[in-house]
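The exercises below concern one protein chain and its ligands. Work each one from the structure before reading the solution.

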Amino acid sequence: MGLKYLRGVSTLKLDEPKCTGCGMCAQVCPHAVLEMDGRKARITDPDLCMECGACAGNCPAAAITLKKGVGCAAAVITGFIKGTEPVCGCGEGGDDCC
Ligand code: SF4
Ligand code: SF4
């Protein structure tokens, strides 16, 4: 089982009608978040997504959108090191996203 980040906070979105089935996203995703289901990509488990942006950056159909960043991964790591709850500090106006 892969490393999960914060549950339910991934910004990863797949616009399935736009997908042309090229398979690039499934090839480049380091966590197997995306896989091919026939001629369409599908999200396996959004909680596995580290929001690296590789899938969206390699999608020729602009079918994938996400808020790229390291905030949640950084929050998990910082929390683990400090022994605290994950807090990323990436929020605007003082509100963290995590
Ligand atoms: S953002 Fe990165 S980890 Fe998330 S689905 Fe895309 S390639 Fe995979
Ligand atoms: S890279 Fe884009 S077009 Fe290609 S399979 Fe993935 S979502 Fe579909």
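Helices (H or I, at least four residues) and strands (E, at least two) are taken as DSSP runs and numbered from the N terminus. The model is predicted.

**Exercise 1.** Determine how many helices and strands the protein has, and in which pattern they follow along the sequence.

Solution. The assignment gives 3 helices and 4 strands. Read along the sequence, these elements follow the pattern β-α-β-β-α-β-α.

**Exercise 2.** Locate Gly-23 relative to the elements, and decide whether Gly-23 is buried, partly exposed or exposed.

Solution. Step one: Gly-23 lies in the loop between β1 (13–14) and α1 (24–28). Step two: a residue is buried with 20 or more other C-beta atoms within 10 Å of its own, and exposed with 12 or fewer. Step three: Gly-23 has 14 C-beta neighbours inside 10 Å, so Gly-23 counts as partly exposed. Step four: across 32 residues of sequence, the C-alpha atoms of Gly-23 and Cys-55 are 9.9 Å apart.

**Exercise 3.** Describe the residues around ligand 1 and their classes.

Solution. There are 15 residues around ligand 1, of which Cys-29, Val-33, Cys-49, Cys-52 and Cys-55 come nearest. By class, this shell divides into 12 nonpolar, 2 polar and 1 charged.

**Exercise 4.** Do the corresponding analysis for ligand 2.

Solution. Ligand 2 has 14 residues around it, with Cys-19, Cys-22, Cys-25, Ala-41 and Cys-59 coming nearest. The shell holds 10 nonpolar and 4 polar residues, and no charged ones.

**Exercise 5.** What percentage of the protein's residues count as buried?

Solution. Of the 98 residues, 24% count as buried.

Notes
Residues are numbered from 1 along each chain as its sequence is written. Chains are lettered from A and ligands numbered from 1 in the order in which they are written. This is a predicted model: local features need pLDDT of at least 70, side-chain atom pairs count only at pLDDT 80 or more; totals for chains, interfaces and linings use all residues. A residue is near a molecule or strand if its C-beta atom, placed from the backbone, lies within 6 Å of it. Ala, Val, Leu, Ile, Met, Phe, Trp, Tyr, Cys and Pro count as nonpolar, Asp, Glu, Lys and Arg as charged, and the others, Gly among them, as polar.
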